[in-house]
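These exercises are worked step by step. Look at the model first, then try each task before reading its solution.

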Amino acid sequence: MVREMHAESGTPSHSNAAEPPFWNPPDEVIRLRGVRVHNLQNIDLDLPRDRLTVITGPSGSGKSSLAFDTLFAEGQRQYIETLSAYARQFLHQLERPDVDLIEGLQPTIAIDQRAGSHNPRSTVATVTEIHDYLRLLMARVGEVFCYRCGAPIRQQTPEQIADELLALGEGAKLILLAPLVRGRKGKHTEVFEAIRKAGFVRARVDGTVYDLEAVPELAPRRNHTIEAVVDRLIIRQNLRPRLMESLHLTLRHGEGLVAVVNLTPGMPSDAAWLENRFSTEYACPECRLSYDEIEPRTFSFNSPYGACPACDGLGVVLPADVSNATAGPDTADASVCSACGGARLRPEARNVRLAGRAIHEITALAVDDARRFFGELRFSDAQAPVAAPLVREIAARLEFIEHVGLPYLTLDRPADTLSGGELQRIRLATSIGSGLVGVCYILDEPSIGLHPRDNQRLIEALRRLQQQGNSVFVVEHDEAMMREADHLIDVGPGAGKHGGRIVAQGTPAELCRRPESITGKYLSGELSIPVPRERRKTDPKRAIIIEGATAHNLKDITVSFPLSAFVCVTGVSGSGKSSLVQDTLARAVARRLGGGGPKPAPHTRLRGVNQIDKLVEIDQSPIGRTPRSNPATYTGVFDEVRRVFATTREARLRGYRSGRFSFNIKGGRCEACQGQGVQKIEMSFLPDLYVTCAECRGTRFNRATLEVRYRGLSIAEVLDLRVDEAVGFFENFPSIRRRLASLQEVGLGYLALGQASTTLSGGEAQRIKLATELGRVDTGKTLYVLDEPTTGLHFDDVRKLLGVLGRLVDLGNTVVVIEHQLDVVKSADWVIDLGPDGGQAGGYLVAAGTPEQIAGLEDNATGRYLRPLLAETASGVLAGDSG
């Protein structure tokens, strides 16, 4: 192909002019030329189509820039450009990637970890569309029962009623009754007069049939039931015309209701007669309570036709000062709605049953239990044509959810309580079920939160997606996923400006032979994270002990967390790790230390907290929700830097204080862009355009502020420094250097001090929080709780992280991590393994001990995968409550 030449040099404008010699691209490729998105170094790349491709490399090397900000952004842009200008103005459009050429790109779908909805009404069933199919199934074949008296309610045509009565067999005796009064006090003389005027000669009063002339006087203070006797019949051939005429007459006088008393053929006349009630309307034949027609919307807690009126379909009643728009079912002060018992639906919907279960009882099932329930359903010949396709769709979606490693989730689990990895796999299951072909799927670390035992299921799900005729690109660090890839791309070699290049690409075996690929070195075994030579000794007397933990699926377990140790909590997905560590341990310790916070999950006792004086929870939530927040502001470095600028000679002469050097307040910031550095221009049917502020040229500060310099740099130029550069620049300021060195230790030296928090991954945000704690003065009695700290980390970054966590423990602190990454597990001093499975099959303390002791368990899932990584296996397992 012809490439653009630089006028000055006459050389090609692309840094990677030749393809790596070890890989010959196939004919069907996605061709990228001159990619310069973020830190990508003007790269050229050919990506195979209809294959499983894994993109890996160190944190910050440019993987997401290639996958999401280039491939996905361009694919979305190309699709949106096919729409009308009118339609485009209603769609959010990503910025066009900085690239010379992209050819052969299919329509793209991104399945990432970002929360799709904070709506408390969204559940696993609604996200996967299972709830939509289930609502339709309940409306079409569900059995309706009266919520007041429990009587069955069936809406039938006169023809259907006649068919059912004729099916009783020849010789059956029938009495057709028109219900007129049901359980009301009075003499009801006007009712008997109406029966007489209608031409009927008999009535049934309180269960006894009388001639109208012989009806006894009724006690006015007693409840009475009165029915007109319309016809008495014996089933014979050619009876249908008379039966239909009598039914129409009975239904007219009974206002859509008919009571039928019958005697089965062959039974003596003094035998007990059977009674049935039929209705051509949705009304209870017993208490005459009327129903609206049962429709799919009847079962929707998002519709006023189905939602419980007491709680508006939330299932909980919120305090008066809490807005329903922002608070969900897990709000700390919310209480279960007494009207619906948390079912979220009107009583009419709660009393429609399918195989004996109401819709809220079906959605309360875990995915694997729901699969069995729908697999055992049987329908009549009349119901099957309607029900079978719906059940087939529901069962397929349940199967896909199970295949991506989430069989333990209940269908009514709120979507906003799912982890990023769980939500991503739910979306993956939905995508597999859609059956789309010729699509480019892009996923961001789908293995997050998965135990090694469940990894193969996930890989098979991705294979299934690829074998449908799709291209699948996965940003991933998991070794098993890399080894299963058709094509592996290593981005690097470092992070930030030291990355952004294609180090190597090819099959996993080919990468192992590339000496310049650090990923290849770890895959080949040339590099590895070593097993600690000696583990820290734990003292049973120095521990925090949680007794009687019963949160969610925990089975009344007692767990001991050794102090001054690196403790790793493991177990298959859904086994109860987060319930134990985050919902019970962390909350209970926070309350005991006087920190307040959410109410701890149920437990009977907490011991040993007096041996620590501080709790630090480090999760993956963003460090800020606006671009104004950045690593410098979060860690406190920016406060110190502003003080440094305020002490310069120029600042003192001008009377500037530290507040002058903030882009968040008036005085020093650029007022044209309010300190944002960019200005937004709405382009209607085109993507919103963000242009660099013409006044400050993107620096965020006004001219007078920028005139103050420290060591030749303005405050804006300091914010553009990478952490690695800033360490040396502020070497004479111990407080600044200490905080920056902590960022370096956790592998974030490539970040710019002023990088917007909204551009940081969850793993980067978590490590910034960890670095912030590292930079503080430590007491040596702190409990650190981390949830999967290796998220987003390359092998080499995991090695650095383990060094940081080890340093915290060496100072006397306790580190508790929830983790599946085996290099972390093998490096722990103590392992607490929950299981043996997920959901209701989990929640037991399976084992606790050193990694060697866990590996010695033959039937332990974690031990089975640990065993090959440990040089020798210890004996003497401390077994727990196996259930």
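**Exercise 1.** Which strands does helix α5 lie across, and at what angle does α5 run to β13?

Solution. The model is predicted, so local features need pLDDT of at least 70, side-chain atom pairs count only at pLDDT 80 or more, and totals for chains, interfaces and linings use all residues. Residues are numbered from 1 along each chain as its sequence is written, and side-chain values use heavy atoms, with hydrogens and water left out.

Step 1. Helices (H or I, at least four residues) and strands (E, at least two) are DSSP runs, numbered from the N terminus. Helix α5 covers residues 158-166.
Step 2. The strands that α5 lies across are β8 (173-185), β12 (257-263) and β13.
Step 3. Axes are lines fitted to C-alpha atoms, for helices over the stretch in contact (heavy atoms within 4.5 Å). Angles run from 0 to 180 degrees between N-to-C directions. The angle of α5 to β13 is about 165 degrees.

**Exercise 2.** Give the strand order of the open sheet, and explain its edges.

Solution. 
Step 1. Two strands pair if DSSP finds at least two bridges between them. The 6 strands follow the order β10-β9-β11-β8-β12-β13, with antiparallel pairing.
Step 2. β10 (208-211) and β13 (274-279) each have a single partner strand, so one side of each lacks a neighbour in the sheet.
Step 3. From one strand to the next, the twist averages 35 degrees.
Step 4. Glu227 in β11 stands opposite Arg204.

**Exercise 3.** Describe the side chains and partners of strand β3.

Solution. 
Step 1. In a regular strand, side chains alternate between the two faces of the sheet.
Step 2. In β3 (residues 52-56), Leu52, Val54 and Thr56 point one way, and Thr53 and Ile55 the other.
Step 3. Buried means under 20% relative accessible area, exposed over 50%, and partly exposed in between (1.4 Å probe, protein chains only). Of the 5 residues of β3, 5 are buried.
Step 4. β3 runs parallel to β19 (residues 471-475), with 4 bridges between them; Leu52 stands opposite Val472 of β19.
Step 5. β3 also pairs with β20 (residues 487-492) in the parallel sense, over 4 bridges. There, Ile55 has Ile489 as its bridge partner.
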